[in-house]
Amino acid sequence: MEAVHGHDHAHDHDHHHPTGVTRWLTTTNHKDIGTMYLWFSFAMFISGGLLALGIRAELFQPGLQLWRPEFFNQLTTMHGLMMVFGAIMPAFVGFANWQIPLMIGASDMAFARMNNFSFWLLPPAALLLMASFLVPGGATGAGWTLYAPLSVQQGMGMDLAIFAIHIMGASSIMGSINIITTILNMRAPGMTLMKMPLFVWTWLITAYLLIAVMPVLAGAVTMLLTDRHFGTNFFNAAGGGDPVLYQHVFWFFGHPEVYIMILPAFGIVSQIIPAFARKPLFGYSSMVYATASIAILSFIVWAHHMFVTGMPAAGQLFFMYATMLIAVPTGVKVFNWVATMWKGSMTFETPMLFSVGFLFVFTMGGFTGLILAVTPVDIQLQDTYYVVAHFHYVLVAGSLFALFAGTYFWLPKWTGNMYSETLGKLHFWCSMIFFNITFFVMHFLGLAGMPRRIPDYSQQFADFNMIASIGAFGFGLSQLIFLAAVVKCIRGGEKAPANPWEGADTLEWTHLPSPAPYHSFETPPVVK
């Protein structure tokens, strides 16, 4: 090339690497793209969090304080959609982009330009979603599950939400194709499947789940769209349709979706705990099989979200038992994490704090899920705050805490600098305490019968709601500590050593093909 064009390689290099805005718009570098995913998801996390604070401000005391009931419903719907599709999922994809090529010794992702496209579909989708607040009738108030028949009758905000979901789904499918191809085709010599870091395994399985279920969600919202505008009657009983059909199609997507949001978290925690326990992960292959089992089982449990729709007793029994079965591989994982820590030389830097915190609080969320799997119990607790408590324990104390753990764990690798341990620990303790203040009391509210998605409630629920609202504002403010810690780390600080976690040098950091931090990123991995 030099000979033909008659210019030196350095010039060629500059010519092909734009800077500024163009660099980010056109980048095919997996690290840049991972960074963009992470910043995008953080922006959505803050936005969705502000909506949640709008909900908690209304519920601080009985009576209607701030919003009309319709707007309150819009807040609950948009909070759910933004957190699931805007915050949690893109954050894990950001981790996948950053870490998978490094962990398997690949030069980049398999389809570098499609990778860029996958990301750049997200900001327009997010804007569409948020724009639904600004159209006549406002955002959809049908709940993030968009249940028919209500969602068929909502205003044009619903159409914007449907379009946004389609675009985000396309992004997820392309991202998954990329991840699967990268993992199956681009591993370094000697890196067999059963030698891959667990984070890579969990993402391989998650990507298959995404490809399987995102088209199902697209189908559900497309049927919704045609019911709304093209005279079909999929969900309209008067025209021979069935509103419960919507729930079946939605939850066939929705249940694997919740595992899509937790499996990468399991992967992150499985990288961190061995590093800080200074011993290899206990039961590696059983962890791989457990992850695969969870993924397969996730497809046959969907109707446990639908125990009150009048399905036959045999159906209820099947879904109850199938749901309880998922507790087995999940229990295997928890056992393996605890066994990894057993007699290890543990230290408790921020990533480990978040991982151990994850273990405690996620396990609690798992138990409340097991309780909700029992059909007669679920019929009592359906659509109460007990359910809200349950899924926030698995999605906040689960997915989100794992994301925090991974961020602190890999920030030295990503930036070349060490983060402030003081800020990190402060962020952990504030988050942990305020999280439990917010959501623990919701179990009591649910057991006492307080329904979800209501802007007003009876006096008997006042005290716990006040506690939950105070906790929520504390939790929200705690995330500013996280932002401060990350920005401070990016801007500078102590240079990260080749292995920032002293004593963990035989493990993930250097032994597995996750290269050491910034200054030696381009060295090929050594696979033993």
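Ile433 sits in helix 19, and that's a handy place to start looking around this predicted model.

**Ile433 and the nonpolar patch**
- Ile433 counts as partly exposed because its relative accessible area is 46%, which falls between the 20% and 50% cut-offs.
- Together with Trp429, Ile437, Phe440, Phe444, Leu447, Phe464 and Ile467, Ile433 makes up a nonpolar patch on the surface, and the group has about 710 Å² of accessible area.
- Two elements each give two or more residues to that patch: helix 19 (421-447) and helix 20 (462-491).
- Helix 19 is the top contributor, with six residues.

**His390 in helix 18**
- You'll find His390 in helix 18, which covers residues 385-415.
- His390 is classed as buried because its relative accessible area, 17%, is under the 20% cut-off.
- Leaving aside residues up to four places away in sequence, His390 touches Gly365, Thr368, Gly369, Leu372 and His443.
- With Thr368 there's also a side-chain to side-chain polar contact from His390, at 3.1 Å.

**Helix 14**
- Helix 14 takes in residues 313-325, and at 1.5 Å a residue its 13 residues should span 18 Å; the end C-alpha atoms are 18 Å apart, so the two agree.
- Its buried residues are Gly315, Gln316, Phe319, Met320, Ala322 and Thr323.
- The cover over those buried residues includes helix 15 (327-341), helix 16 (350-373) and helix 17 (375-381).

Technical notes: Residues are numbered from 1 along each chain as its sequence is written. This is a predicted model: local features need pLDDT of at least 70, side-chain atom pairs count only at pLDDT 80 or more; totals for chains, interfaces and linings use all residues. Side-chain values use heavy atoms; hydrogens and water are left out. Helices (H or I, at least four residues) and strands (E, at least two) are DSSP runs, numbered from the N terminus. The expected span of a helix is 1.5 Å times one less than its number of residues. Buried means under 20% relative accessible area, exposed over 50%, partly exposed in between (1.4 Å probe, protein chains only). Contact means heavy atoms within 4.5 Å. Patches are made of residues with over 30% relative accessible area and no salt bridge: like charges are joined within 9 Å, nonpolar side chains (Val, Leu, Ile, Met, Phe, Trp, Tyr) within 5 Å. Accessible areas come from the Shrake-Rupley method with a 1.4 Å probe; for residues, only the protein chains shown count as cover. A salt bridge is a side-chain nitrogen of Lys or Arg within 4 Å of a carboxyl oxygen of Asp or Glu. A polar contact is a pair of N or O atoms within 3.5 Å; within protein, one must be able to donate a hydrogen and the other to accept it, and residues adjacent in sequence count only if both atoms are side-chain atoms.
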